[in-house]
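Biologist: I would like to learn how to read a fold from a model. Can we go through one together?

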Amino acid sequence: MMNYIVFDLEWNSFKNIKGQVYYYKKFNEKTKFFDEIIEIGAIKLNDRLEYIDSFRVYIKPTIYKKINPRIIELTGIADEDLKYGFDFKKWLGKDYILCSWCDTDIKVLKRNIKYYNPKYKIESLLLPYIDIQKYCCEVLGYDRRVSLHEVINAENIVASTDKLHQALDDTKLTVDIFRKIFDKEKIRNYIINDVDCIYDSMNLNITVDMLDRTRLRARCASCGKYSKRLKLSFDNKKRRVSILSYCSSCGIYTKQRIKIKKNLLGDLVYVSRKKIVELSR
Ligand SMILES: [Zn+2]
């Protein structure tokens, strides 16, 4: 039987704190920015969303030894709360679907695992996965990403905690919402089994020489055959390749845009869109 593991993370970051240039220089030369997990909260539910178990653990940060004062204010976690030692993997068990409110949590989890255990095969731990926020927004008809509290209030859900920004409490609220909108059939469409479906939007530094040329070949938007490339450009900021090509058998020009993304494993994913264009002489 498949269990649902709903989890939430709190992480330490000095992203917007002045005077932390030293940490930046020392640790973030390559990564630019690192969100170090300091708390994990998780609730294990069975396939009818009945409670099985929960845990909450603080994790001692090793990159930034001190916690950002803003994070202390937000989470109530103090330096002395943090300690080592919890086997998250063992606790997860065998058959489970990881769930979190917003996929940022799974990206941060991935980055932390990769940082501390570079050789670890994360896909076996992080998948399958459900972004409950996405499911919730679509089921309830929101056209934007909403916060836990917004949904709790709007849907008159009786919240099982009044705390916020503590990993286990945020997890409880996520479970409250999940139970309210849970549909065994519908939820199946939201289960992600493929790493290519979760893009890592953080810390993207893609240069043109990293791109696989064989993935950048021009194809005709009408017949689909490879066609003659007239122009290729790469937009560093938007991480997008633009290709203009001409197909002599169809006699048309195709504008192709290939968005370059990174999946959870750090591999590049090429998302291509083609459209036929008329060119004025
Ligand atoms: Zn063609």
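Biologist: What covers the buried residues of α8?

Modeller: The cover includes β1, β2, β3, β4, α6 (132-140) and α7 (148-154). Contact here means that C-beta atoms, placed from the backbone, lie within 7 Å. Helices (H or I, at least four residues) and strands (E, at least two) are DSSP runs, numbered from the N terminus. A caution: this is a predicted model, where local features need pLDDT of at least 70, side-chain atom pairs count only at pLDDT 80 or more, and totals for chains, interfaces and linings use all residues. Residues are numbered from 1 along each chain as its sequence is written.

Biologist: How many residues of α8 are buried?

Modeller: A residue is buried if 20 or more other C-beta atoms lie within 10 Å of its own, exposed if 12 or fewer, and partly exposed in between; the C-beta atoms are placed from the backbone. By that count, 11 of the 15 residues of α8 are buried, so the helix is mostly covered. Among them are L168, L173, V175, I177 and F178. D169, D170 and K172 are also on the buried list. Across the 281 residues of the protein chain, 28% are buried.

Biologist: What span does α8 reach from its first C-alpha to its last?

Modeller: The expected span is 1.5 Å times one less than the number of residues. Helix α8 (residues 167-181) reaches 21 Å, close to the 21 Å expected.

Biologist: Now the sheets. What is the strand order in the open sheet of five?

Modeller: Two strands pair if DSSP finds at least two bridges between them. The order is β3-β2-β1-β4-β5, with mixed pairing. The edge strands, β3 (51-58) and β5 (129-131), each pair on one side only. Neighbouring strands are turned by 25° on average, direction ignored. Axes are lines fitted to C-alpha atoms, for helices over the stretch in contact; angles run from 0 to 180 degrees between N-to-C directions. Helix α4 (residues 104-116) packs on this sheet, touching β1 (3-12), β2, β4 (96-100) and β5. The α4 direction makes about 70° with that of β1.

Biologist: Over how many bridges do β2 and β3 pair?

Modeller: Strand β2 (residues 36-45) and β3 pair over seven bridges, in the antiparallel sense. L45 has Y51 in β3 as its bridge partner.

Biologist: Why is one side of β6 and of β9 left without a neighbour in the sheet?

Modeller: This is the open four-stranded sheet, β6-β7-β8-β9, with antiparallel pairing. β6 (228-235) and β9 (268-277) stand at its edges, each with a single partner strand, so one side of each has no neighbour in the sheet. The twist averages 20° from one strand to the next. Strand β8 (residues 252-262) pairs with β9 over 10 bridges. There, Y253 stands opposite V277 in β9.

Terms used: Contact = placed C-beta atoms within 7 Å.
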